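Work through the following exercises with the sequence and the coordinates open. Each task is followed by a solution in steps.

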Amino acid sequence: MTLFRNVVLVAAIAGLLASLVMTALQSFATVPLILEAETYESAGEAHSHDHGTAAESAAPAVEDHHHDEEAWAPADGFERFFFTFLANLASGFGLALIMIAISEFAGGITSWRAGLLWGFAGFAAFTLAPGLGLPPELPGMPAADLGARQVWWFTTVIATAGGLALIAFRGTLLLSIVGVALIVAPHVIGAPQPVSHATDVPADLHHRFVVASTMTMLVFWVLLGGLAGAIRSRFAMAEGDRHGQLA
C-alpha cells in the first residue's frame with residue numbers, strides 16, 4: 001500500500017508542477033501560433049461560403065441554429081490559460097503515473113539524474129517518434145481519419161517504448177536489434193495521411209508550430225522525469241529514516 005501511495009503522490013506532484021510549466025510555455029510559444037492559424041481557417045471558410053452555387057443562393061432561407069450558435073470556447077487570457085492547464089494537468093498526471101509505475105519494475109527512479117533519462121525516454125516514445133509520422137497540426141490543416149491516426153499513434157508509442165526497454169535493460173545484441181526493429185517498424189509501415197495536403201495555413205507557420213510544440217514537450221518530459229526522481233528519492237530517504245528510528 002505504501003508503494004502504491006508513493007507512486008500516486010509522486011505522479012501527482014510531478015505532474016502538477018510540470019504541467020504548470022508546460023502551460024506557461026504554451027501560452028507564449030504555441031497558443032499565439034494557433035490563434036494565427038485560426039485566422040487562415042476562418043478566411044478559408046469565408047472563401048468557400050462566398051463561392052456557393054447559384055442553386056444554394058436561390059434556395060429559401062432556413063434558420064440554422066448550428067450556424068447561429070457558436071460552440072463555446074474559453075476567452076483569451078486567464079480563462080484560456082486555466083482550462084489549458086486543467087487539460088495539461090490531467091494528461092500530465094496520467095503520463096507521470098505511467099512512467100513512474102513502469103520505472104518501479106526496473107528498480108525505480110533513484111535520483112533526479114536518473115529521472116532525466118526516464119524523461120528523455122518518455123519524450124522519445126510519446127512525442128518524438130509519433131511526431132515523425134504525425135506532426136502537430138494547426139487549425140485549418142487537413143488530416144487523415146481520426147481512428148486510423150489514433151491506432152498508428154498508440155502502436156508507435158508502444159513499439160518505441162518496448163524497443164527502448166529492450167535496448168536499455170536487456171543488454172544483448174540480439175534483443176537490441178529487435179528493439180531497433182520495433183522502433184523503426186511503425187515508420188516503415190507509415191502513418192495514415194490525408195487525401196490532400198492543400199491548406200491555407202502557410203508552411204512556415206506550421207514549421208514554427210511543430211518546433212515550438214516539440215520543444216515544449218521536451219521541457220515537459222525532462223522536467224517531469226527530473227521532478228519524479230527528486231521527489232521519489234526524498235520519499236525513499238524519509239522512509240529509510242523512519243524505519244531506522246523504529247529499529
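**Exercise 1.** Which residues does T127 touch, not counting residues up to four places away in sequence? State also whether T127 is buried or exposed.

Solution. The model is a predicted one.
- Step 1: T127 belongs to helix α6.
- Step 2: With sequence neighbours up to four places away left out, T127 touches G122, M217 and W221.
- Step 3: The relative accessibility of T127 is 15%. Buried means under 20% relative accessible area, so T127 counts as buried.

**Exercise 2.** Describe how α6 and α7 pack, and list the residues that make the contact.

Solution.
- Step 1: Helix α6 covers residues 112-133 and helix α7 covers residues 146-170.
- Step 2: Their axes lie 9 Å apart, and the packing angle is about 140°. Angles over 145 degrees would count as roughly antiparallel; α6 is therefore oblique to α7.
- Step 3: The crossing of α6 past α7 is right-handed.
- Step 4: On the α6 side, the contact is made by W118, A121, A124, A125, F126, A129, P130 and G133. On the α7 side, W152, W153, T156, V157, T160, A161, L164 and F169 take part.
- Step 5: Sorted by class, the residues of this contact are 13 nonpolar, 3 polar and no charged.

**Exercise 3.** Take F169 and find what F169 touches, not counting residues up to four places away in sequence.

Solution.
- Step 1: F169 is located in helix α7.
- Step 2: Beyond its sequence neighbours up to four places away, F169 touches A106 and W118. W118 is one of the α6 residues in the contact with α7.
- Step 3: F169 and A106 are 63 residues apart in sequence, while their C-alpha atoms are 8.2 Å apart in space.

**Exercise 4.** At what angle do the axes of α1 and α5 cross, and which classes of residue form the contact?

Solution.
- Step 1: The two axes come within 7 Å and cross at roughly 140°.
- Step 2: α1 and α5 are therefore oblique to each other.
- Step 3: α1 passes α5 in a right-handed crossing.
- Step 4: The contact of α1 with α5 holds 18 nonpolar, 8 polar and 1 charged residues.

**Exercise 5.** Locate I100, decide whether I100 is buried or exposed, and list what I100 touches.

Solution.
- Step 1: I100 sits in helix α5.
- Step 2: Its relative accessibility is 3%, so I100 counts as buried.
- Step 3: Not counting residues up to four places away in sequence, I100 touches V7, V10, A11 and A228.
- Step 4: G115 is 15 residues from I100 along the chain, with 9.4 Å between the C-alpha atoms of the two.

**Exercise 6.** How many residues has the largest nonpolar core, and which elements give two or more residues to this core?

Solution.
- Step 1: The largest nonpolar core has 22 residues. Those with the most contacts inside this core are M99, I100, F220, W221, L224 and A228.
- Step 2: Two or more residues each come from α1 (2-29), α5 (78-104), α6 and α9 (203-246).
- Step 3: α9 gives the largest share, 8 residues.
- Step 4: F220, leaving aside neighbours within four places in sequence, is in contact with A18, S19, M22, G92 and L95.
- Step 5: There is also a second, separate core of 7 residues, among them L33, A37, V201 and F209.

Methods: Residues numbered from 1 in each chain as written. Predicted model: local features only at pLDDT ≥ 70, side-chain atom pairs only at ≥ 80, totals over all residues. Heavy atoms only, no water. Axes fitted to C-alpha atoms, helices over the stretch in contact; angles between N-to-C directions. Helix = DSSP H or I, 4+ residues; strand = E, 2+ residues; numbered from the N terminus. Parallel < 35°, antiparallel > 145°, perpendicular 65-115°, else oblique. Left-handed = near helix turned anticlockwise from the far one by under 90°. Contact = heavy atoms within 4.5 Å. Nonpolar A, V, L, I, M, F, W, Y, C, P; charged D, E, K, R; others polar. Buried < 20%, exposed > 50% of the residue type's maximum accessible area, 1.4 Å probe, protein only. Core = buried A, V, L, I, M, F, W, Y, C linked by side-chain atoms within 4.5 Å.
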